[in-house]
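Work through the exercises below with the model open. Try each task before you read its solution.

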Amino acid sequence: IHLHLRTRFSTRPLPEIKPISLLEEPLVFHEQVKTLFAERTIQELQGVIDRNEQAMIYLNRRGFSQFILCKDCGWIKKCDSCSISMTHYQRRNELRCHVCGVTCKVPTTCEQCQGHSLEGMGSGTESLEEELKLLLTGAKILRLDRDMITSQGRLEKTLDEFRDLKANILIGTQMLVKGHDFPKVTCVVVMLADMLLKWPDFRASERALQTLVQVAGRAGR
(Lines give C-alpha, C1' and ligand atoms only; values in the text may rest on other atoms or scores of the structure.)
Protein backbone atom coordinates (compact mmCIF):
# COMPACT_ATOMS: atom_id res chain seq x y z
CA ILE A 1 0.00 0.00 0.00
CA HIS A 2 1.35 3.41 -0.96
CA LEU A 3 0.01 6.19 1.27
CA HIS A 4 0.52 9.82 0.21
CA LEU A 5 0.66 12.64 2.77
CA ARG A 6 -0.15 15.58 0.53
CA THR A 7 -0.97 18.13 3.24
CA ARG A 8 0.49 19.09 6.58
CA PHE A 9 -1.16 19.21 9.97
CA SER A 10 -3.12 22.45 10.46
CA THR A 11 -3.10 22.94 6.65
CA ARG A 12 0.30 24.62 6.70
CA PRO A 13 1.91 24.69 3.22
CA LEU A 14 4.69 22.28 2.35
CA PRO A 15 8.17 23.85 2.11
CA GLU A 16 9.45 25.17 -1.20
CA ILE A 17 12.65 23.38 -2.23
CA LYS A 18 15.29 25.35 -4.14
CA PRO A 19 18.27 23.39 -5.56
CA ILE A 20 21.49 25.43 -5.65
CA SER A 21 24.34 24.22 -7.88
CA LEU A 22 27.85 25.14 -6.76
CA LEU A 23 28.90 24.85 -10.40
CA GLU A 24 26.48 27.58 -11.49
CA GLU A 25 26.20 29.85 -8.45
CA PRO A 26 29.04 32.16 -7.33
CA LEU A 27 30.69 31.02 -4.11
CA VAL A 28 31.26 33.24 -1.11
CA PHE A 29 34.94 34.10 -0.65
CA HIS A 30 36.44 35.19 2.65
CA GLU A 31 40.05 36.15 3.30
CA GLN A 32 40.31 33.71 6.23
CA VAL A 33 38.58 30.59 4.90
CA LYS A 34 37.55 28.73 1.76
CA THR A 35 33.82 28.20 1.91
CA LEU A 36 31.34 25.85 0.23
CA PHE A 37 28.50 28.36 0.52
CA ALA A 38 26.87 29.88 -2.53
CA GLU A 39 26.12 33.60 -2.30
CA ARG A 40 22.39 32.89 -2.55
CA THR A 41 22.57 30.54 0.44
CA ILE A 42 24.26 33.16 2.61
CA GLN A 43 21.74 35.78 1.48
CA GLU A 44 18.86 33.49 2.48
CA LEU A 45 20.43 32.77 5.88
CA GLN A 46 21.15 36.43 6.53
CA GLY A 47 17.53 37.23 5.68
CA VAL A 48 16.37 34.65 8.23
CA ILE A 49 18.51 36.27 10.93
CA ASP A 50 17.37 39.80 10.02
CA ARG A 51 13.72 38.71 10.32
CA ASN A 52 14.37 37.18 13.77
CA GLU A 53 13.62 33.71 12.46
CA GLN A 54 15.67 30.50 12.69
CA ALA A 55 17.45 28.19 10.26
CA MET A 56 18.82 24.66 10.36
CA ILE A 57 21.83 23.41 8.37
CA TYR A 58 22.26 19.70 7.68
CA LEU A 59 25.62 18.12 6.85
CA ASN A 60 26.13 14.45 7.63
CA ARG A 61 29.84 14.87 8.31
CA ARG A 62 31.40 15.53 11.68
CA GLY A 63 34.71 17.22 12.39
CA PHE A 64 36.51 20.16 10.83
CA SER A 65 37.71 18.45 7.64
CA GLN A 66 37.37 14.93 6.30
CA PHE A 67 41.07 14.13 6.06
CA ILE A 68 44.58 15.59 6.09
CA LEU A 69 46.32 15.66 2.69
CA CYS A 70 49.95 16.30 1.80
CA LYS A 71 49.84 18.61 -1.23
CA ASP A 72 53.39 17.61 -2.20
CA CYS A 73 52.99 13.84 -2.56
CA GLY A 74 49.27 13.10 -2.01
CA TRP A 75 49.72 11.20 1.27
CA ILE A 76 46.62 10.93 3.48
CA LYS A 77 46.74 10.03 7.15
CA LYS A 78 44.85 6.73 7.64
CA CYS A 79 43.90 4.72 10.70
CA ASP A 80 46.47 1.99 11.43
CA SER A 81 43.68 -0.42 12.40
CA CYS A 82 40.96 0.33 9.84
CA SER A 83 42.94 1.76 6.90
CA ILE A 84 40.39 4.54 6.37
CA SER A 85 41.16 8.25 6.39
CA MET A 86 41.05 9.91 9.81
CA THR A 87 38.80 12.91 10.39
CA HIS A 88 40.41 16.19 11.43
CA TYR A 89 39.18 18.02 14.56
CA GLN A 90 40.74 21.47 14.70
CA ARG A 91 39.65 22.53 18.19
CA ARG A 92 41.12 19.39 19.74
CA ASN A 93 44.10 19.38 17.34
CA GLU A 94 43.55 15.68 16.71
CA LEU A 95 42.64 13.12 14.08
CA ARG A 96 39.94 10.56 14.86
CA CYS A 97 38.87 7.31 13.21
CA HIS A 98 35.07 7.21 13.06
CA VAL A 99 35.10 3.40 12.85
CA CYS A 100 37.20 2.28 15.83
CA GLY A 101 37.57 5.58 17.72
CA VAL A 102 41.39 5.73 17.66
CA THR A 103 42.79 9.26 17.97
CA CYS A 104 46.18 10.88 17.41
CA LYS A 105 47.66 14.37 17.24
CA VAL A 106 47.61 16.17 13.91
CA PRO A 107 51.02 15.59 12.27
CA THR A 108 53.15 18.60 11.43
CA THR A 109 55.05 16.84 8.64
CA CYS A 110 54.11 14.26 6.01
CA GLU A 111 54.96 10.70 7.07
CA GLN A 112 55.79 9.81 3.47
CA CYS A 113 57.85 12.69 2.09
CA GLN A 114 58.47 14.70 5.30
CA GLY A 115 56.99 17.76 3.60
CA HIS A 116 55.16 20.52 5.46
CA SER A 117 52.33 21.19 2.96
CA LEU A 118 49.56 19.48 4.95
CA GLU A 119 46.01 20.71 4.43
CA GLY A 120 42.57 19.63 5.67
CA MET A 121 40.24 18.63 2.85
CA GLY A 122 36.44 18.54 2.89
CA SER A 123 34.04 20.24 5.29
CA GLY A 124 32.40 19.02 8.48
CA THR A 125 30.00 20.49 11.02
CA GLU A 126 32.85 22.03 13.02
CA SER A 127 34.22 23.95 10.04
CA LEU A 128 30.70 25.08 9.00
CA GLU A 129 30.26 26.63 12.42
CA GLU A 130 33.50 28.59 12.09
CA GLU A 131 32.70 29.76 8.55
CA LEU A 132 29.19 30.96 9.38
CA LYS A 133 30.51 33.07 12.27
CA LEU A 134 32.60 34.93 9.70
CA LEU A 135 29.98 35.15 6.95
CA LEU A 136 26.80 36.04 8.85
CA THR A 137 26.03 39.13 10.92
CA GLY A 138 24.24 38.42 14.18
CA ALA A 139 24.52 34.63 13.92
CA LYS A 140 24.09 32.70 17.18
CA ILE A 141 25.03 29.11 16.41
CA LEU A 142 24.45 25.77 18.11
CA ARG A 143 25.76 22.40 16.91
CA LEU A 144 23.92 19.09 17.10
CA ASP A 145 26.22 16.15 16.43
CA ARG A 146 27.70 13.25 18.38
CA ASP A 147 30.81 15.24 19.22
CA MET A 148 28.78 17.95 20.99
CA ILE A 149 25.90 15.82 22.26
CA THR A 150 27.50 13.38 24.69
CA SER A 151 24.47 12.70 26.92
CA GLN A 152 20.69 12.89 26.96
CA GLY A 153 20.92 15.94 29.23
CA ARG A 154 23.20 17.74 26.76
CA LEU A 155 20.78 16.93 23.94
CA GLU A 156 17.78 18.30 25.79
CA LYS A 157 19.70 21.42 26.84
CA THR A 158 20.74 22.18 23.23
CA LEU A 159 17.23 21.65 21.87
CA ASP A 160 15.69 23.78 24.64
CA GLU A 161 18.14 26.62 23.97
CA PHE A 162 17.26 26.60 20.28
CA ARG A 163 13.53 26.40 21.01
CA ASP A 164 13.88 29.32 23.45
CA LEU A 165 15.48 31.41 20.66
CA LYS A 166 18.89 31.62 22.35
CA ALA A 167 20.34 30.72 18.93
CA ASN A 168 19.16 31.37 15.38
CA ILE A 169 21.26 28.76 13.51
CA LEU A 170 21.38 25.04 14.34
CA ILE A 171 23.99 22.93 12.52
CA GLY A 172 23.74 19.17 12.72
CA THR A 173 24.16 15.70 11.31
CA GLN A 174 21.60 12.89 11.09
CA MET A 175 20.21 13.63 14.57
CA LEU A 176 19.00 16.97 13.19
CA VAL A 177 16.58 15.33 10.78
CA LYS A 178 13.91 13.56 12.80
CA GLY A 179 11.19 14.52 15.21
CA HIS A 180 12.01 18.16 15.96
CA ASP A 181 9.36 20.87 15.93
CA PHE A 182 10.67 24.45 16.01
CA PRO A 183 7.96 26.98 15.02
CA LYS A 184 10.47 29.74 14.16
CA VAL A 185 12.47 27.63 11.68
CA THR A 186 11.69 28.96 8.20
CA CYS A 187 14.77 27.77 6.29
CA VAL A 188 16.65 24.46 6.12
CA VAL A 189 19.92 24.17 4.19
CA VAL A 190 21.20 20.76 3.09
CA MET A 191 24.92 20.99 2.39
CA LEU A 192 26.37 18.86 -0.45
CA ALA A 193 23.03 17.15 -0.98
CA ASP A 194 24.30 15.17 -3.97
CA MET A 195 26.75 13.35 -1.69
CA LEU A 196 23.78 11.52 -0.20
CA LEU A 197 23.56 9.67 -3.53
CA LYS A 198 27.21 8.57 -3.45
CA TRP A 199 27.08 6.13 -0.54
CA PRO A 200 28.18 2.58 -1.54
CA ASP A 201 24.68 1.21 -1.05
CA PHE A 202 22.12 0.17 -3.68
CA ARG A 203 19.48 1.93 -1.55
CA ALA A 204 21.39 5.24 -1.55
CA SER A 205 18.87 7.09 -3.74
CA GLU A 206 15.92 5.92 -1.64
CA ARG A 207 17.62 6.87 1.62
CA ALA A 208 18.63 10.23 0.16
CA LEU A 209 15.00 10.99 -0.66
CA GLN A 210 13.89 9.95 2.82
CA THR A 211 16.49 12.22 4.41
CA LEU A 212 15.68 15.20 2.19
CA VAL A 213 11.92 14.89 2.80
CA GLN A 214 12.43 14.59 6.55
CA VAL A 215 14.87 17.47 6.91
CA ALA A 216 12.80 19.73 4.64
CA GLY A 217 9.87 19.05 6.93
CA ARG A 218 11.60 20.90 9.78
CA ALA A 219 10.92 24.23 8.01
CA GLY A 220 7.69 26.20 8.13
CA ARG A 221 5.96 24.08 10.75
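Buried means under 20% relative accessible area, exposed over 50%, and partly exposed in between, with a 1.4 Å probe and protein chains only. Strands (E, at least two residues) and helices (H or I, at least four residues) are DSSP runs, numbered from the N terminus. The model is predicted: local features need pLDDT of at least 70, side-chain atom pairs count only at pLDDT 80 or more, and totals for chains, interfaces and linings use all residues. Residues are numbered from 1 along each chain as its sequence is written, and side-chain values use heavy atoms, with hydrogens and water left out.

**Exercise 1. Find which way the residues of strand β10 point, and whether they are buried or exposed.**

Step 1. Locate β10 at residues 169-172.
Step 2. Sort the side chains: I169 and I171 point one way, L170 and G172 the other.
Step 3. Check burial: all are buried.

**Exercise 2. Identify the strands that pair with β10.**

Step 1. Apply the rule: two strands pair if DSSP finds at least two bridges between them.
Step 2. Take β3 (residues 54-58): 4 bridges join β3 to β10, and the two run parallel. Here A55 stands opposite I169.
Step 3. L142 stands opposite L170.
Step 4. Follow the chain from β9 through helix α3 (residues 152-163) to β10; this β-α-β crossover is right-handed. That is, with the strands pointing away from the viewer, the path from the first strand over the helix to the second runs clockwise.

**Exercise 3. Describe the largest nonpolar core.**

Step 1. Define it: a set of buried Ala, Val, Leu, Ile, Met, Phe, Trp, Tyr and Cys residues joined through side-chain atoms within 4.5 Å.
Step 2. Count: the largest core has 19 residues, and I42, L45, I57, L132 and I169 touch the most other members.
Step 3. Trace the suppliers: α1 (39-50), β3, α2 (125-135), β10 and β11 (185-190) each give at least two residues. α1 gives the most, with 4 residues.
Step 4. Inspect I57. Its contacts (heavy atoms within 4.5 Å) include L45, L132, I169 and V189, not counting residues up to four places away in sequence.

**Exercise 4. Determine how many disulfides the structure has.**

Step 1. Set the cut-off: a disulfide is a pair of cysteine sulfur atoms within 2.5 Å.
Step 2. Search the whole structure: 0 disulfides are found.
Step 3. Check C82: the nearest cysteine sulfur, that of C100, is 3.6 Å away. C82 counts as partly exposed, at 25% relative accessibility.
Step 4. Check C110: the nearest cysteine sulfur, that of C73, is 3.6 Å away. C110 is buried, with a relative accessible area of 1%.
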